[in-house]
Amino acid sequence: MVNNSKVFNQIAFSLAKHYECVYYVNLDTSHYIVFTDSEATGASEFPSEGDDFFADCLRNVDKFIHPDDIDLMTETYEKEIMLKALMKEGSQRVSFRALNDGKMIHMRHIVLLCDDKKHMVCCLENIEKEYLEKERQKKNLLSAELMARRDELTGVKNNHAFKEYVNSIEEMIDSDPKALEFAVVMIDINDLKSINDTRGHVFGDEAIQATSRLICESFCHSPVFRVGGDEFVTVLIGKDYNDRDYLMKKLRDESESNRKSRSGPVIASGMAVYDENDLKFSDVLARADHLMYENKKAIKSLKTLESFKNLERIDTPIPAERKRLLDALFGALVTVTGGGYIYLNDMRYDFSRWSISLVDDFGFGAEYIYHADKVFREIVHPEDLGIFEFGMKSLSNSMAEIKPIRYRARRKDGSYVTLHTRGFVLSDSSGAPEYFGGIIVQDE
């Protein structure tokens, strides 16, 4: 079985693109290792590793934490408090202000509990740009009257503003119904309750905000309202009304893409157009709501991709326990990487798991594949097969990181793109190669 510490040692440096620094901590001994390729805020106070993560944090907290946040972070770095939060939620997120050469920087402390529950990964994220953007948004909402009509979480108009808007439209319906042209789109976030229950309200809030951005970008000429926890309404007018069918299709296509790649909000939506038979705005809204629920049922009926490719070529199927271990390691790899196509192969059974985005983009047809090298070879450009073969042969000669290779590969649409593959090999307790995996990035 692969040692999780070794897994993180081999892949944690990929976090340097996204975090200031990363600490890998043994919860039994408090020993820690630091991963960083830049001078992180406060990281200079730490050696590359140490014997007591929690004691070192508390000892140095006044050196890199803003005085007003020292009490907050002192409590955060108390071992018992942190462990209690991790065992309950599986993660911990705290925003604070740090000091770097006398300059205040807004940071986020993120802690993730590893699957073995004996280790944790602590990441420090610089969120100064995010903070400044939020401050800019706040300045745009200084007016008390405007604040009363804005949703605090997303910045779009709230239910109070929606009711006022409906009243104004109904007045126009009463006075001159033939002069009106508008459509109503009802939108509901799929599985928001499940996100809140399983991952916490922080992730739920992020899903709501991402949905709001998607709607506003899709219907940029129309008012958008958040009318409930997971419900939005937009009233299409002007150019958006004229382009309503195209915009609606684009919205659903993006939602479907997010569902397949698991990379963004998945929403149900329904659109209804006002006509002279509608006596009230609520008549149009009710039709849009009905169509939205029909779309929601259709989305729920779609089955998650779980088929296996090359099943007919296998000699010994992978046991359930080995597949669960592969899934756990794959999840750890996804957690600590920040993009690209992810893959992980169990060399004992030549059974691998691939990110759904790669499966969709290159037409593999399955997330789990036996003998994936044969499948992948089919999409490599004929002139680059030698490069690909070199990379495969290097597996037998490497016990750690595989030399990166670049080659052209054919996407599902027939076009070729250049891919950059960085991989690693994991060995079992006897030193024999047991897994290989890594990240495939498309060159721009």
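Visitor: Quick one to start: is Glu133 buried, partly exposed or exposed?

Guide: Glu133 counts as partly exposed, at 33% relative accessibility. Buried means under 20% relative accessible area, exposed over 50%, and partly exposed in between (1.4 Å probe, protein chains only). Keep in mind that this is a predicted model, where local features need pLDDT of at least 70, side-chain atom pairs count only at pLDDT 80 or more, and totals for chains, interfaces and linings use all residues. Residues are numbered from 1 along each chain as its sequence is written, and side-chain values use heavy atoms, with hydrogens and water left out.

Visitor: Which residue forms a salt bridge with Glu133?

Guide: Arg136 does, with the closest N and O atoms 2.7 Å apart. A salt bridge here is a side-chain nitrogen of Lys or Arg within 4 Å of a carboxyl oxygen of Asp or Glu. Helices (H or I, at least four residues) and strands (E, at least two) are DSSP runs, numbered from the N terminus. Arg136 is partly exposed too, with a relative accessible area of 43%.

Visitor: And how many salt bridges are there in the whole structure?

Guide: A search turns up 27. Take Glu130 and Arg108, whose closest N and O atoms are 2.6 Å apart. That pair links distant parts of the chain, with Glu130 in helix α5 (residues 128-139) and Arg108 in strand β5 (residues 103-113), 22 residues apart.

Visitor: Is that Arg108 buried or exposed?

Guide: Buried, with a relative accessible area of 13%. Glu130 is partly exposed, at 31%.

Visitor: What about Arg408, which residue does it pair with?

Guide: Asp384, with the closest N and O atoms 2.9 Å apart. Arg408 is in strand β15 (residues 401-410), while Asp384 is in the loop between α15 (372-377) and α16 (385-393), 24 residues away. Asp384 counts as buried at 8% relative accessibility, and Arg408 as partly exposed at 27%.

Visitor: Switching topic: which residues of α4 are buried?

Guide: Met82, Leu83 and Leu86, in a helix that covers residues 79-89. Seen down the axis of α4, they fall within an arc of 95° (taken from the directions from the helix axis to the C-beta atoms), so they line one face.

Visitor: Which exposed residues does the face turned away carry?

Guide: Glu80, Lys84 and Lys88.
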